[in-house]
Every structure is written in C-alpha cells, then in structure tokens.
Amino acid sequence: MAKAFASTADLEEKKESFVKLADGAYCLTAEGDPNSGVIVGDDAVMVIDARATPVMAKDLVRHIRKITDKPIKYVVLTHYHAVRVLGASGYGAEHVIASQATLEMIRERGKQDWASEVGRFPRLFRAAETVPGLTWPTIVFEKEMTLFLGTKEVRIVHAGGGHTRGDTVVWLPKEKVLYSGDLVEEGATPYSGDAQLAEWPATLDRLLALKPQKLVPGRGAALTTPAQCRKAIEGTRGFVRELLAHARKGVKAGKDLRAIYEATYKAMRPKYGAWVIFDHCMPFCVTRAVDEAKGLAHPRIWTAKRDREMWKALQG
C-alpha cells in the first residue's frame, strides 16, 4: 500500500512551547514542527523565521506580548521555504532581512515552492488564504551583517550552502546562542530537496567553530547545553554525509532512482527512521542527492505537479 503523500496524513496539532534561552533570547518550538526565534533588545524585537501564514504569526506575537511591548522591527529569514516565510506580514515589521542567495531563490522559485509546500503540509498552513503574497526582503546582505538592538549585538551570517544555497544563521556572541534555521535539526530529518549536500558538512563545521552554548534548530527541542548543541550539529552532518554517499554509490553502480531510493531508505531507516518527517523527507532527499551525485549543482525546482509525480514513481 502506498504511503500517504508527504505530510498530508499528519493532522494532529502539536503543543507549542515558548522558551527563554538567555537574557532577551527566546524561541517557539512545537514538537517537531518548524521553530521560530525571538530576540528582545533594548528598543525593538527581532523574529527569526516568520511561520507559514499571518494567522500563525499572530500566535507567536501573542507569546511575545507576554514578555514585552517593544515594537517588532525585524524579521529574519534563515532561508527560503514557504513554510518559514509566508507569515511575515503578520508582524508589521519595518524590515525583512535575507541573504542575497535567498532573494535569488524567491525570484526563481517562490511561487512554485509556495504551491508545492501547501500541498505537502496542509496542517502547517493554517488560514492559508490570509497570505497576501510572496515575502520579499527589504534588507539583503551578501555574507554577514551586524545589528544592534540597543546594546544587544546580533550577527546575521550567510554561513554557506547546506539546506539551501541561501542559509543564514543568527548568532548572539555575548550570550552564545545560535539560531540555525534548518541547517541543524534535532530529532528531525534534515529535508534535502533543495540542498547543497556536498557543501553542507563544511557549513556545519563553521557552526561548530562558534561553540554555541545554546541552539535553536529548525525543528526539534531547543538545545540548552554545549554538548547538546554539538550532538545535534554532528547528527545533522552525519545524516547528510550518509545520504550523499548512498546516492553516489547507487549512481556509480548504474542504478535507477527508484532502486537507489529503496536501498538508501533501507540503509538509513534503522538509524534515522524515528526522526520526525523521515518518511515525508526521504523521497525528496534521495531525489536531490541523486541529482547532485550526477553533477546537477543547482537544485531543480519543486512544483506541486513534480512532487506528486516523484512520489508516485518512488512509492507507487
């Protein structure tokens, strides 16, 4: 029997937790659903990852208003995926910040990705009709920028390709708190459908070099010790390396995509199968890994039609 497409069968609402990590550093987690970060400075608030719809953004605003009445001035996009960015209008922020590579992704595949992700994650797009359109940054940077929310220093860094080619992290150097976006996951499968798999491990090494004491991953619980941070970064790196290695092995052996998928799924499931959205991600992950193993450096655009065709070919 074929598996339900992507996360269409995942209809159970998750319990949200709003967690304080350090002075002025918070996050919203939800049992493996996408996380968001919040930084409260002397004079303003920054939100990291905007959620999927303005209605869902308002849920985060309610948490913020329990701790501060300061204006929400900035929204940072750690990367471009619809589930992370389309709620930006719900904050009334003055600025939306993204890397240059993320802006390029919005231009190239924004509309297609929107339709694709709504089809994959219907529960995560609550009140999808309230999304006014694509989220466009008002501030774009190339490699790194620093903002001061009063006296609080916030570094926004394009750390390198990984989950996408535009991945951005937010680093609080004094507090040693890292907001990684989907570059790092905790107990959740690293979605790799738009990944730069060969680059991803080196990008993670740069995050390890920061020696974070606390870390907010893209999915999963907030990490509150240096050991937990290292374990999550190394765990994500291990998954990525194994995925690409299996794809390269299959391509070298002349196997077709379905055979490589089945072999990779079988090999990786014992170690990673309990991670959130494993069954959802693996068809997309292996498809991208095979493309990269064949020399396709730039990920192909996922559309709602391509999603379904791929799923049927690998799962039918």
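**Exercise 1. Strand partners**

Find the residue in E5 that stands opposite valine 47.

*Solution.* Valine 47 has valine 75 across from it in E5. The model is predicted, so local features are used from a pLDDT of at least 70 and side-chain atom pairs at pLDDT 80 or more, while totals for chains, interfaces and linings use all residues. Residues are numbered from 1 along each chain as its sequence is written, and side-chain values use heavy atoms, with hydrogens and water left out.

Step 1: take the strands around this pair. Strands (E, at least two residues) and helices (H or I, at least four) are DSSP runs, numbered from the N terminus. E4 and E5 run parallel and are joined by four bridges; strands pair if DSSP finds at least two bridges between them.

Step 2: go on to the next strand. Valine 75 stands opposite valine 96 in E6, and three bridges join the parallel strands E5 and E6.

Step 3: go back towards E3. Strand E3 (residues 33–40) pairs with strand E4 (residues 45–48) in the antiparallel sense, over four bridges. Valine 45 in E4 is the bridge partner of valine 40.

**Exercise 2. The whole sheet**

State the order of the seven strands in the open sheet, and explain why strand E5 is described as largely enclosed.

*Solution.* Step 1: the order is E1-E2-E3-E4-E5-E6-E7, and the pairing is mixed. The edges are strand E1 (17–22) and strand E7 (139–141), each of which pairs on one side only.

Step 2: check the burial of E5. Buried means under 20% relative accessible area, exposed over 50%, and partly exposed in between, with a 1.4 Å probe and protein chains only. In strand E5 (residues 72–76), four of the five residues are buried, so the rest of the structure largely encloses this strand.

**Exercise 3. Two aromatic pairs**

Which class of pair do phenylalanine 239 and tyrosine 272 form, and which class do phenylalanine 284 and tryptophan 311 form?

*Solution.* Step 1: state the rule. Rings of Phe, Tyr and Trp (its six-membered ring) pair if their centres lie within 6.5 Å; planes under 30 degrees apart count as stacked, over 60 as edge-to-face and the rest as tilted. This rule gives 10 aromatic pairs.

Step 2: apply it to phenylalanine 239 and tyrosine 272. Their ring centres are 5.1 Å apart and their planes stand at 85°, so this pair is edge-to-face. Phenylalanine 239 belongs to helix H5 (residues 226–252) and tyrosine 272 to helix H6 (residues 257–272), so the pair ties together parts 33 residues apart in sequence. Phenylalanine 239 is buried at a relative accessible area of 0%, and tyrosine 272 is buried at 3%.

Step 3: apply it to phenylalanine 284 and tryptophan 311. Here the centres are 6.2 Å apart and the planes at 40°, so the pair is tilted. Helix H7 (residues 278–293) holds phenylalanine 284 and helix H8 (residues 304–315) holds tryptophan 311, 27 residues apart. Both phenylalanine 284 and tryptophan 311 are buried.

Step 4: look at the surroundings. Phe284 and Trp311 form one aromatic cluster with Phe5, Tyr191 and Trp302. Arginine 120 lies over the face of phenylalanine 284, 3.9 Å from the ring centre. A charge sits over a ring if NZ of Lys or CZ of Arg is within 6 Å of the ring centre and within 35 degrees of the ring normal. Arginine 120 also lies over the face of tryptophan 302, at 5.7 Å from the ring centre.

**Exercise 4. A hairpin**

How many residues lie between E8 and E9 in their hairpin?

*Solution.* Step 1: two residues lie between the strands, and glycine 150 in the turn has a positive phi of about 70°.

Step 2: E8 runs antiparallel to strand E9 (residues 152–158), joined by six bridges, and leucine 149 stands opposite lysine 152 in E9.
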